[in-house]
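Opening the notebook on a new chain today.

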Amino acid sequence: MSVIYVLLAISIVVAILFFIAFIVSVKKGQYDDSYTPSVRMLFEDELVIEKSSEEIKIDKNPTK
């Protein structure tokens with residue numbers, strides 16, 4: 001039973017270390033994307049057309 005407590009303590013310490021490493025890397029800008037904005041103008045824009053059921057509704061008895 002004491003082995004479970006030791007393993008639990010070790011796993012919590014490792015998880016905290018990984019969390020601290022993640023926070024430090026985010027603060028230093030490790031995950032900032034500096035490449036994509038410079039080449040974004042080279043990509044073709046695709047039009048995404050989404051129509052909901054309310055927009056497609058057809059009024060069969062117009063009162064205008």
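My entries follow, from the whole chain down to single residues.

**Ground rules.** I'm working from a predicted model, where local features need pLDDT of at least 70, side-chain atom pairs count only at pLDDT 80 or more, and totals for chains, interfaces and linings use all residues. Residues are numbered from 1 along each chain as its sequence is written, and side-chain values use heavy atoms, with hydrogens and water left out.

**Fold.** I looked up the secondary structure and got three helices and zero strands. Read from the N terminus, the order is α-α-α. Helices here are DSSP runs of H or I with at least four residues, strands are E runs of at least two, and numbering starts at the N terminus.

**Confidence.** Next came pLDDT, the predictor's confidence in each residue, from 0 to 100. The chain averages 81, and 70% of its residues reach 70 or more. Helix α1 has the highest confidence, at 97, while α3 (residues 53-56) has the lowest, at a mean of 55.

**Surface.** The chain has 64 residues, and 3% of them count as buried. Buried means under 20% relative accessible area, exposed over 50%, and partly exposed in between (1.4 Å probe, protein chains only).

**Nonpolar patch.** Which residues form the nonpolar patch on the surface? I noted L8, I12, I16, I20 and V24, with about 430 Å² accessible together. The patch rule takes residues with over 30% relative accessible area and no salt bridge, joining like charges within 9 Å and nonpolar side chains (Val, Leu, Ile, Met, Phe, Trp, Tyr) within 5 Å. A salt bridge would be a Lys or Arg side-chain nitrogen within 4 Å of an Asp or Glu carboxyl oxygen. V24 sits in helix α1 (residues 2-27) and is partly exposed, because its relative accessible area is 40%.

**Rings.** I then searched for Phe, Tyr and Trp rings (six-membered ring for Trp) with centres within 6.5 Å, calling planes under 30 degrees apart stacked, over 60 edge-to-face and the rest tilted. That gave one aromatic pair. F22 and Y31 have ring centres 5.9 Å apart and planes at 45°, so the pair is tilted. F22 is partly exposed at 42%, and Y31 is exposed at 57%.

**S25.** Last, I checked S25, also placed in helix α1. S25 counts as buried because its relative accessible area is 17%. Leaving out residues up to four places away in sequence, S25 touches Q30 and Y31, where contact means heavy atoms within 4.5 Å.

Notes: Accessible areas come from the Shrake-Rupley method with a 1.4 Å probe; for residues, only the protein chains shown count as cover.
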